[in-house]
Amino acid sequence: MSLSSDSDIGTQPKIRPAGATELSWCKAVPGGTGITVLTLLLSKPPDTQFLQNALQKLQICHPILNSKLHFDPVANSFSYVIPPNPHIQIQPFDLPSTSQILRTNFPGDYASLSHFHLILEHELNNNSWQNPDPSSDTDVFFASLYTLENNKWVVALRLHTSACDRTSAVALLKGLLGVMVEEEKEGVEMEKGKDAEVSLGIEEYFPSGQGSKPFWARGVDMLGYSLNSLRLSNLNFKDTVSPRLSRVVRLKMNAEDTRRILSSCDKNGIKLSGILAAAGVIASHSSKRVPYDQWEKYAVVTLMDCRPILDPALSSHHVGFYHSAILNTHDIEGGEKLWELAERIHSSFENSKSYKKHFSDMADLNFLMCRAIENPSLTPSGSLRTSLISVFEDRMIHQSNKLHQAIGLEDFIGCASVHGIGPSIAIFDTIRDGALDCACVFPFPLHSREQMQELIDDMKRILLDGST
């Protein structure tokens, strides 16, 4: 039974143009960066119609999830067209269909990686927005249900990042789980009535004066970013010619090791993002076998959720893209201590925040990103790598409960693709039931799976050695 109402059929769709940051994502996604995916592994068969109704409820509460992207080739712009009724349809794949998809797309990994993991990677590379067509608008939200062997199922949600940042994906996960266990108060119902309007782009919520700066200052800053980018070092590239895909390596720790790392972070006054970035930089520099005392410059991007500091402040259930990126560079010679480098990374980020660069530099970074998309040769070897690593300022925490067990939730992963423009390593961290679980996304075959697995293993070793 559909949630659409017959009385709504004659209602005209709402339309709003994409904001500046959203427009940057609309230009990035066709190249392969910005496909947000949330996959849930279930041990109990979900009721497809019930699940579809749950997703349509989410579309009603968050209209941006119900929108379609419209491309105007004359103006070279995008807009969101929001129909009056929720319309998402779950695409089911039975066991033979699922097996065929995975065998075709992952001939070398089919037997060695879990099929849940491979479905995540398949969805990250399923780009419905690759070729914008002005004659046909494209949904920003897709859902699929895959059947696996041994009575397992995977629910896969795939979204355009301009409509769903990491905080939105967390809200989506909580809302969906809330409906699935019939606890609407946890997600969907609590947002009805106050989030039913079409949300605006992040620039519309900037505190007065914080998103602007003098023309000359913008020119100086953009020149600085451009010159710095020419001096940046990168992880060694394996294949700069072949078409690229996003692949994932997971960094997982047990609860006790995680507790020690978080305790050390608290003791040193450094967020988890700082220590993850530091371990990534050290491991990357070490992997290149650079002679000691040969300095290299690495870029770290920290993504921060701006919702609490917007005007007016937005709740964590306000769906859309409301993150900002702060880019800092760090000179490395080899032999750096983990916590000393983490302190440098943390201090640089906090200093940039104190100067409101998350607002004032947003337009600069958006502009430079779009120029690199249009001219890949501006990046090393045409790699489209703009930084070594990206991390999120604040960690995501998930605590399982008996209700989640009741629906058979065994695992979930949320992350986004990076095989267009972006970092060599994008870390999406979660503290799940007290244990660290990071989805580390990388562009393949620019970097190989073996190369990245070795790097992530080294990061884990560095983190554990540094927290003893």
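The protein exposes about 19900 Å², of which carbon and sulfur atoms supply 54%; accessible areas come from the Shrake-Rupley method with a 1.4 Å probe, and for residues only the protein chains shown count as cover. The structure is a predicted model, in which local features need pLDDT of at least 70 and side-chain atom pairs count only at pLDDT 80 or more, whereas totals for chains, interfaces and linings use all residues. Residues are numbered from 1 along each chain as its sequence is written, and side-chain values use heavy atoms, with hydrogens and water left out.

The protein contains 13 helices and 16 strands, which are DSSP runs numbered from the N terminus (helices: H or I, at least four residues; strands: E, at least two). Its C-alpha atoms fill a box of roughly 70 × 55 × 45 Å along the principal axes. Of the 468 residues, 57% are buried, that is, under 20% relative accessible area, with exposed meaning over 50% and partly exposed in between (1.4 Å probe, protein chains only). Among contacts (heavy atoms within 4.5 Å) between residues at least 6 apart in sequence, 80% join residues at least 24 apart.

An open sheet is formed by 4 strands in the order β1-β4-β3-β6, with antiparallel pairing. Its edge strands, β1 (14–17) and β6 (138–139), each pair on one side only; two strands are taken to pair if DSSP finds at least two bridges between them. Helix α1 (residues 20–28) packs on this sheet, touching β1, β3 and β4 (77–82), and its direction makes about 100° with that of β4. Axes are lines fitted to C-alpha atoms, for helices over the stretch in contact, and angles run from 0 to 180 degrees between N-to-C directions.

Strand β3 (residues 68–72) pairs with β6 in the antiparallel sense over 2 bridges, and K68 stands opposite D139 in β6. The antiparallel pairing of β3 with β4 extends over 5 bridges, with H70 opposite S79 in β4. These two strands, β3 and β4, form a hairpin with 4 residues between them, and N76 in the turn has a positive phi of about 50°.

Residue S324 lies in strand β11 (residues 323–332) and is buried, with a relative accessible area of 3%. The side chain of S324 reaches the backbone oxygen of H358 at 2.5 Å. Not counting residues up to four places away in sequence, S324 touches T302, L303, M304, C306, H358 and M362. By contrast, I60 in helix α2 (residues 48–61) counts as partly exposed at 39% relative accessibility. The C-alpha atoms of I60 and A20, 40 residues apart along the chain, are separated by 25 Å.

Key:
Polar contact = N/O pair within 3.5 Å; in protein donor to acceptor, adjacent residues only side chain to side chain.
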